[in-house]
Amino acid sequence: MSRPDDSDTAGFEGTCGNAGYGTKRFTRSRSHFADRITADGRDGWPVEHGRYRLVVSRACPWASRALVSRRLLGLEDALSLSVADPIQDDRSWRFTLYPDGRDPVLGIRYLSEAYEAREHGYSGGVSVPAIVDVPSGKLVTNDFQRITLDLATEWRALHRDGAPDLYPERLRDEIDEVMAGVYRDVNNGVYRAGFAIEQDEYEDAYGDVFRRLGLLSERLAGRRYLVGDTITEADIRLFTTLVRFDAVYHGHFKCNRSKLTEDRVLWAYARDLFQTPGFGDTVDFDHIKRHYYLVHSSINPTGIVPAGPDLSGWLTPHHRAELGGRPFGDGTAPGPVGRGEAVPAAGRP
């Protein structure tokens, strides 16, 4: 998730800071910094315990993928975490949640400083998730599509004992196919609808969102997970949009044909994942709502943050286990949330 800018990663034409949301034509382009952190270090960034820092916003669905993956794989000690303020300003994501407004490891006030350290004079979009090289302070990658795949594959040597295989090789073709549709019509579709500036543009995106949700509901009616009988990267990518759907996308982004809670299958599926360790314990509904309703000032000029929806339903029985499946395959659930990483009470059901 990036601020509007004239970068090819920002998702908007033109540059108006936060006021540009909902006023400029929306596109989503490839990440500008696409280096990979790999086991063999072929891009110059080898996997190393403690070398890198993951910067996220708990408001951002793209960053939330990395939060879930990191938890499921047990990479908390190997890859440290920085959580940005959900309300970024026109200078980028801020570290105002920490004392003195600085990231305690990187020592910077704005994520843009790591981008500048990587590329002097960089004036493009500043997005999360981002991985920063701690020794140099330089951004390594903001490639949200690739980061989690590499965490699941290239970082294997640092996975916890019992970590699940989130991207099993024998299922990758099917996972990739499912994820492509989810990304195009759901993950990105809600943004295309929410930031549309013409009626037909909005209606096309709206139609894509609900057509794909219908297909996913049919797919999940008789199976617990999207691909195979265990949690995979495909489930993580769908979950991060579903968990935000009623809180922000239904109203704020005008994806209001129906709520998630009105689809019996998808609502049960989403609750099943939310109640699985590593999913719901990374979700901060307070950050989510404040970001969307306060940052997108052109869409919500009053700055009023809705009091609802009622979140208690996320903790109700889902009965999805009756479909079988093994959440972690031959592995085990992740341990308790690490010290200092728990979501505050204001953000939980």
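Biologist: At 1% relative accessibility, does Ser-92 count as buried or exposed?
Modeller: The model is predicted: local features need pLDDT of at least 70, side-chain atom pairs need 80 or more, and totals for chains, interfaces and linings use all residues. Numbering runs from 1 along each chain as its sequence is written, and side-chain values use heavy atoms, without hydrogens and water. Buried means under 20% relative accessible area, exposed over 50%, partly exposed in between (1.4 Å probe, protein chains only). At 1%, Ser-92 therefore counts as buried.

Biologist: Which loop holds Ser-92?
Modeller: Most residues other than glycine have a negative phi. Ser-92 has a positive phi of about 115 degrees. Helices (H or I, at least four residues) and strands (E, at least two) are DSSP runs, numbered from the N terminus. On that numbering, Ser-92 lies in the loop between strand 2 and helix 2.

Biologist: What is the strand order of the open sheet?
Modeller: Two strands pair if DSSP finds at least two bridges between them. Strand 1 (residues 52-56) pairs with strand 2 (residues 80-83) in the parallel sense over 4 bridges. Strand 1 pairs with strand 3 (residues 130-133) in the antiparallel sense, also over 4 bridges. The pairing is mixed, and the 4 strands run in the order 2-1-3-4.
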